[in-house]
Amino acid sequence: MNASPTTQKRPGRPRNNAADSHAAIIDAVYTLLQERSVRDLTMEAIAKRAGVGKPTLYKWWPSKAALIFAMFHERLVAKREVPHASTSEAVIRAKMRLLIVAFNGPFGKVMADLIAEGQSDPSILHELYDRHISVRRASTIADIERGKVSGEFPAHVNAELLVDAIFAPVYYRLLLRFAPLTEQYGQDLIDNALRPWQSPLSS
């Protein structure tokens, strides 16, 4: 006797498996943001690309911004640790190289889009700073403070201002795109910031 339509089992995994849907949505956001800006991205487009309904998106994320940040942290934020280095300066140079590489890829495009969108939606800037930029900034400030303790950097150096002098121009060039972001540019920024009181070390 054949099983009834209500009792017959379908082969394979359920189409609405939560993990599969989540991955499809994050993939859709990642792909769509290579084609358009954060501002032009819509929840309708994400749902269509992912093959899910809009209610599924809002079930897990309260807004488009929340969904974009979920993708940002899952797919774009670098997981690589800075290679071990013998000096604080060498660590900072390694961080600069990683940042330049990231800014020249999808990460840089989305970062610039988020900063641009944040001009009309301050909550985006707060989220970006609190969950991403501030964490990395604090880590580099700690690198400099360790260098001050070891005698590598003078005790009077303001670690926060030094971080700004080194890394802020990279964001400036990312946003205005008036010149390419190269590894040499990043290393030159470090040389210039350290020159007044320290002979540059080789990277």
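Residues are numbered from 1 along each chain as its sequence is written. Because the model is predicted, local features need pLDDT of at least 70 and side-chain atom pairs count only at pLDDT 80 or more, while totals for chains, interfaces and linings use all residues, and side-chain values use heavy atoms, with hydrogens and water left out.

Helix packing is a friendly place to begin. Two packed helices are described by the angle between their axes and the distance between the axes. Helices here are DSSP runs (H or I, at least four residues), numbered from the N terminus. Axes are lines fitted to C-alpha atoms, for helices over the stretch in contact, and angles run from 0 to 180 degrees between N-to-C directions.

Helix α1 (residues 18-32) and helix α4 (residues 64-76) have axes that come within 9 Å and cross at roughly 90 degrees. The two helices, α1 and α4, are therefore roughly perpendicular to each other, a label for angles of 65 to 115 degrees. On the α1 side, H22, A23, I25, I26, D27, V29 and Y30 meet L67, I68, A70, M71, E74, R75 and L76 of α4, where contact means heavy atoms within 4.5 Å. Sorted by class, this contact of α1 with α4 has 10 nonpolar, 1 polar and 3 charged residues. In this sorting, Ala, Val, Leu, Ile, Met, Phe, Trp, Tyr, Cys and Pro count as nonpolar, Asp, Glu, Lys and Arg as charged, and the others, Gly among them, as polar.

A second pair is formed by helix α5 (residues 88-103) and helix α9 (residues 183-194), whose axes come within 9 Å and cross at roughly 145 degrees. The crossing of α5 past α9 is right-handed (the near helix is turned clockwise from the far one by less than a right angle). From α5, the residues E89, I92, R93, M96, R97 and I100 take part, and from α9, E183, G186, Q187, L189, I190, D191 and L194. The residues in this contact of α5 with α9 comprise 6 nonpolar, 2 polar and 5 charged.

Charged side chains also pair up, and the structure holds 14 salt bridges (a side-chain nitrogen of Lys or Arg within 4 Å of a carboxyl oxygen of Asp or Glu). One of them joins R39 and E117, at 3.0 Å from N to O. R39 sits in the loop between α1 and α2 (43-50) and E117 in helix α6 (residues 106-117), so this pair links distant parts of the chain, 78 residues apart. R39 counts as exposed at 52% relative accessibility, whereas E117 is buried at 15%; buried means under 20% relative accessible area, exposed over 50% and partly exposed in between, with a 1.4 Å probe and protein chains only.

K95 lies in helix α5 and D143 in helix α7 (residues 122-150), so their pair ties together parts that are 48 residues apart in sequence. K95 is buried at 16% relative accessibility, and D143 is buried too, at 4%. R146, by contrast, is partly exposed at 48%. D143 and R146 are 3 residues apart in helix α7 and so are separated by about one helical turn. Elsewhere, E35, R36 and R49 are linked in a network of salt bridges.

Note on methods:
Parallel < 35°, antiparallel > 145°, perpendicular 65-115°, else oblique.
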